[in-house]
Amino acid sequence: TLKSLSDLTGLSVGFLSQIERGISSIAVDSLSKIAACLDVPLSTFFETEAPDPLDPVVHSFSLHRSMVSPHIIRSVLSHNTLDFDFLPHHYLLMPFSDPDTLVPELYAHTGEEFIYVLTGIVSLWVENSRYTLYPGDSVQIHSNQPHNWANNTNKVAELLSINYPNPLKSHMTSGHIL
């Protein structure tokens, strides 16, 4: 359990939970403590091979997370990002409250975007309007409308976002880079 691992490593249960969910980074010396307690080599925690491109299932335990900004963590929910016309993402939005930023910078791009809130409360701006989205709420917009979203609460929010056309594929045509 996380409690047992916490007792053995001296790392807090909360911190271990954040590591487990991929929303916090860990120093190598702390990771080494965990490896020693679990009696596994440190290399166990690092990917050594790419996912099988023929396996269509993206397992939650193997998601690659990347920092989009200090407050946004993104995971691509597809192994074959160039094979499909839309691109699904999972986002973790860290709590963020900046009294100097009433409206985040709005972005516009080609295509359409679908957003579904899984947990937490998300503020969405589309052009000059602000909307509050709760778990289970969704929105579909034309992406050429200036838009952005943020988490202005004190808890992590999660959302699913689907972009069409696939922005990774839009730079490719018939296998040739445009």
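These are my notebook entries on a predicted model of one protein chain.

**Basis.** I number residues from 1 along each chain as its sequence is written. In this predicted model, local features need pLDDT of at least 70, side-chain atom pairs count only at pLDDT 80 or more, and totals for chains, interfaces and linings use all residues, while side-chain values use heavy atoms, with hydrogens and water left out.

**Overall layout.** I looked up the secondary structure and found three helices and 11 strands. Helices (H or I, at least four residues) and strands (E, at least two) are DSSP runs, numbered from the N terminus. Of the 178 residues of the chain, 26% count as buried; buried means under 20% relative accessible area, exposed over 50%, and partly exposed in between (1.4 Å probe, protein chains only).

**Helix α3.** I asked which residues of α3 (residues 28-38) are buried, and found Ser30, Leu31, Ile34 and Ala35. Seen down the axis of α3, these buried residues fall within an arc of 145°, so they line one face of the helix; the arc is that of the directions from the helix axis to the C-beta atoms. Asp29 and Ala36, on the other side of α3, are exposed. The cover over the buried residues includes α1 (2-9) and α2 (13-20). Just after α3, I noted that Asp39 takes a positive phi of about 60°.

**Ala157.** I located Ala157 in strand β9 (residues 157-164). Ala157 is buried, with a relative accessible area of 0%. Leaving aside neighbours within four places in sequence, I found Ala157 in contact (heavy atoms within 4.5 Å) with residues including Tyr91, Thr119 and Asn151. The C-alpha atoms of Ala157 and Met94 are separated by 6.7 Å, although the two residues are 63 residues apart along the chain.
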